[in-house]
Amino acid sequence: MKRARRAAPGPLPVLGLLLLGALPGLWTVLLRRETAALPEPRPPAGQSPGRWGWGRSPAARGESGGGGQKTFRTLLAVPAAATDREERYAEERLAVTNSQPAGDTASPVERGIFWSRELEEQVPPGFAAEEAAAWLSAARAARVASLERGGCGRSSNRLARLSDGSRACVRYGINPEQIQGEALSYHLAGVLGMQERLPPMALALVEARGRQWEPVREELRGSHWAEGAVVSLTRWVDNLTAVVAPAPWGAETGAGRRLQPLSAGELDGLSPSQLVELVQWSDLILFDYLTANFDRLVSNLFSLQWDPRVMLRATSNLLRAPDGGLVFMDNEAGLVHGYRLLAMWDPYNEPLLRSVCVFREGTARRVAELHRRRSAAAELRRRYRAREPLWARLGFLSERQAELLQARVDFVHRHIAHCRAQ
């Protein structure tokens, strides 16, 4: 027996279905046209938000409100009230910075891609080489008078008071490669000519019966540090404050948005203090790319997928000194640990590097020399061995890690050349 065949629908019902399917798209187009027709909110008199939105509210930047606290750094979760205070601090700082009078008409950029010498001279000096060397010598010779919990990151770290009266953060790594990464990152900053932005750091050997640690033998037992472990001593710095990422990285990086490039043509209307901060950020982003450090601005960018307001909060492991100088803290995720996780974090680190097209000329020159001589790992090894007595306890980069460092130097050099050619 043959089954009855179902009649095909006529042309009119099909046309009706097509029209119904098109209605949502037509509605979207109408909404977009209506939104585009609305005038853009004007800033208050005397303020110039610029392309990057310096001083604009989250609503004006198109960021959604609310959002949970689910960020990459869940171990440092902050109560909601504290989070609100951080966000208000971010907005207030952006607004205050924007209210400062602009400088003279001299260009902040020379030859298209380099910060001007006049602008670089305004950058706070940071930790001078002579001062750092004196502290390192004293810290290695001093005895540890006391160890205190808190103030230095992880619960395994301690704040040490030394016999000369100074203080230092003692960092005990979950594994030795974290301390190795901290030390190597510090000395790579020296190779690049930006070590003044990092607090002085030395390695120390934990020996409960040794001269340096004997006064705190009982505290060592409670710390659960392994005898013979290598820790880092980092100079304690008073009166540091949190840093919120400035535009373009902080203000225009909502979900689904690309980072706006920091280039010479986008600096009009910025105050001297804003420009001085951007000089330091350009070094920081280049440094974090070379070391593959994911535990600073990159971790905030990663958290945008959960929290659209994370860029209004403090940047991890970055603090500001009273004179306005940025301090690149806690670099243990760099080089060794970071190089193991390139596949996960380079999708964030590489666009961040590409967002910078203005550089300190000295930094660019050093990158060019390391590229031309293909000597990044060799120069880092030479400096590390000459300046860190305990270098052999942790060793150096593996051959593969050394190749990765050179490859990243080469990539930065090509990026600078690309910026110059634009």
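**Ground rules.** I am working with a predicted model, where local features need pLDDT of at least 70, side-chain atom pairs count only at pLDDT 80 or more, and totals for chains, interfaces and linings use all residues. Residues are numbered from 1 along each chain as its sequence is written, and side-chain values use heavy atoms, with hydrogens and water left out.

I began with Tyr172, which counts as buried because its relative accessibility is 17% (buried is under 20% relative accessible area, exposed is over 50%, partly exposed is in between, with a 1.4 Å probe and protein chains only).

Next I asked how many aromatic pairs there are. I noted the rule: rings of Phe, Tyr and Trp (its six-membered ring) pair if their centres lie within 6.5 Å; planes under 30 degrees apart are stacked, over 60 edge-to-face, and the rest tilted. The count comes to 11 aromatic pairs. One of them is Tyr172 with Trp225, stacked at 5.6 Å centre to centre and 5° between the planes.

**A tilted pair.** Tyr384 and Phe396 are 6.4 Å apart centre to centre, with 35° between the planes, so by the cut-offs they are tilted. Tyr384 belongs to helix α12 (residues 376–387), while Phe396 lies in the loop between α13 (391–394) and α14 (399–421). I found Tyr384 buried at 0% relative accessible area, and Phe396 buried at 16%.

**The core.** A nonpolar core is a set of buried Ala, Val, Leu, Ile, Met, Phe, Trp, Tyr and Cys residues joined through side-chain atoms within 4.5 Å. The largest one here has 102 residues, and Trp281 is among those with the most contacts inside it. Helix α7 (residues 272–291) gives the largest share, 11 residues. Where does this core lie? Domain 1 (109–123 + 240–421) and domain 2 (129–235) both give residues to the core, so it lies between them (the domain bounds come from an automatic or database domain assignment).

Note on methods
Helices (H or I, at least four residues) and strands (E, at least two) are DSSP runs, numbered from the N terminus.
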